Amino acid sequence: MSAPAQLLPKPEPATSRPTITHATLRASPTQLVQAWTQSRPLVVLGSGSGGGAFGRWSVLAEVVGGDDTIIHARGAGILPALERVDRVWRERRDAWEQNSSTNTPALPFYGGWIGFIGFECGEWIEPAVTRGPSNAQRMPSDARDTATSPPDLWLARCDAALVHDALTGEWHAVGEPTQANALHARALAVQDAITACAGVDAWPEPTAHPPLSLVPVESDAEYEADVRRAIEYVHAGDVFQVNVARRFIAEVPADLASWRAIGARALGLARYGAYLEVGGAHATDPHAAAGCAIASYSPELFLTVDGATGRIVTRPIKGTMGAVAVEAGTARTPSETSNSRAAFESNAKERAELHMIVDLMRNDLSRVCQPRTVRVASARVLEDHPTVLHGVGEVEGTLRHDASLLDILRATFPPGSVTGAPKIRAVQIIRELERAPRGPYCGAIGCLSDCGSMTWSVAIRTGVVARAMCAEGAAGEVGAEGADSATQTETPPPKRPVTTRAGGPFEFFLNEPPTRGPRGSGSAGAVHAPAAHLTYWAGCGVVAESEPAREVRESWEKVGVVGHPLPSASSSSFLASPH
């Protein structure tokens, strides 16, 4: 049975403007996450690649347990939950328009909702997805143990927050006045504790933890077979490309301090980082999965909407050149790096892959935007991120005035870059080939602001930490002309750390697959269950020239992307600039 959504009472319309106060804070978002009082659950959106139009803002808020502040759902409860959130969001947006001032600072969040929309929500937002065949051995989305995995949808009502501007270094306390002032006071107390310990300027990077032992759930041979089957679908004309995921598991420390260290590192590694304490780690929060947190270091913007102008932007990523090689001793010289960049820029496969998704997202936005406002702002640019080089497109438009949250999600969700094209058929194939629900992976993480703005990342490079057995994933997207590699031997996982430098959020050792149950069981079988596990998912794109054996190798390389040192904590940001 699907768990019903926790429905919220209808709020009274806001009768006064929220407070927007300059906060006298010097600590960075990553510093506050590490030192915050453990009895108060956190949700944080931030990034280590701050500055510029798409890397400026961070948001930190506390989660207050209760039916009126947290909404979560699985299965059939997803649509009623989204409808309720949509209704509350529009009521708050209308009240904001009546009470806002022209002198209000241009911030991306003034109070609202923060959380995630899991990949499986797409099956309820677009029912046509479930008309295709499904893996007979696939674990149903609502059959997962609610005590050991996050729900499909989780959104926390945050009436107050701290907003950090990476360009100026300034903080603002925003939201309901009493709550915003109290949150500011707690942040000042945390900063005082940091100063007493080491001083803000001398505060260390997030506490290191031992490397994690990463174990694949599907063997290389199983994953290669999945890739071959997906290629057959491309040859048959079902799709142009399709994203197929692979899962891994890793043991992690069970204490909240370690989880927050992982979260702080994730916030410092990505343009759209996030750390969400979904629940259970705090006894005062009975409404979410037990002992579960989500750390995301996504480089990809799914959607951002400016509530004042109605401008909507998506920036799909396709094509990745890693900054670090899996095998030791393969670092390139500057000349070799320059040549590799040029080869990446001119690679026909990478260009075609992104162009397919840019066209798909252009079509998606046209379903919810005003006529003749959708345009491709950028077909492809190469964008440097802390750990990789990406090919990035940009599509923008102006929303219809009557567009609701559900209208936007029905037009665009799940993100096209992590499904394939055409989208509905690609998701049907994903359901057929993959052995377990993706959960938060490849969904969206972000916020809905009471001012009518929203920002969502694509939840790639996202780990779920839980006090129970979980699974992990790295994906390959499959296109048509995959070369036959039947004569190639299975690529063995390296027996050394996948990282070449210390300090990443998830520093993995790669091991042989464990003894497991039957194919499709979704279980790691003989793997013991320590106090906590990390579920990690990543994605990669494959089109017509894909080779199955290469996709196997790339799935391992994707795991290695996280093994990099934390950039300067002072550059934390998350949200696209509202300007």
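Trainee: Does E123 count as buried or exposed?

Mentor: This is a predicted model, and what follows is computed from its atoms. At a relative accessibility of 12%, E123 counts as buried, because the cut-off for that label is under 20%.

Trainee: Which residue forms a salt bridge with E123?

Mentor: The partner is R431, with the closest N and O atoms 3.1 Å apart. E123 belongs to helix α3 (residues 122-125) and R431 to helix α10 (residues 423-433), so this pair ties together parts that lie 308 residues apart in sequence. R431 is buried too, its relative accessible area being 11%.

Trainee: How many salt bridges does a search of the whole structure find?

Mentor: The search finds 28. One of them joins the side chains of R247 and E218, at 2.7 Å from N to O. R247 sits in the loop between β10 (241-246) and β11 (248-251), while E218 sits in the loop between β9 (212-216) and α5 (220-235), so parts 29 residues apart in sequence are tied together. Both R247 and E218 are buried.

Trainee: What is the distance between the closest N and O atoms of E396 and R311?

Mentor: That salt bridge has them 2.6 Å apart. The pair links distant parts of the chain, with E396 in strand β18 (residues 388-398) and R311 in strand β15 (residues 311-315), 85 residues apart. E396 is buried at 11% relative accessible area, whereas R311 is partly exposed at 35%.

Trainee: Which residues are linked with R311 and E396 in a network of salt bridges?

Mentor: The network also holds R271, R315, R375, E383 and E394.

Trainee: Now the cysteines. How many disulfides does the structure hold?

Mentor: A disulfide is a covalent bond between the sulfur atoms of two cysteines. This structure holds zero. Take C447: the closest cysteine sulfur to its own is in C451, 8.8 Å away, which is too far for a bond. C447 is buried, with a relative accessible area of 1%, and C442 is buried at 0%.

Trainee: Last, a helix. How far does α6 reach from its first C-alpha to its last?

Mentor: An α-helix has 3.6 residues a turn, so residues three or four places apart point the same way. Helix α6 (residues 256-269) has 14 residues and reaches 20 Å, close to the 20 Å expected at 1.5 Å a residue.

Trainee: How many of the residues of α6 are buried?

Mentor: The count is 13 of the 14, so α6 is largely enclosed by the rest of the structure.

Note on methods: Residues are numbered from 1 along each chain as its sequence is written. This is a predicted model: local features need pLDDT of at least 70, side-chain atom pairs count only at pLDDT 80 or more; totals for chains, interfaces and linings use all residues. Side-chain values use heavy atoms; hydrogens and water are left out. A disulfide is a pair of cysteine sulfur atoms within 2.5 Å. Buried means under 20% relative accessible area, exposed over 50%, partly exposed in between (1.4 Å probe, protein chains only). Helices (H or I, at least four residues) and strands (E, at least two) are DSSP runs, numbered from the N terminus. The expected span of a helix is 1.5 Å times one less than its number of residues. A salt bridge is a side-chain nitrogen of Lys or Arg within 4 Å of a carboxyl oxygen of Asp or Glu.
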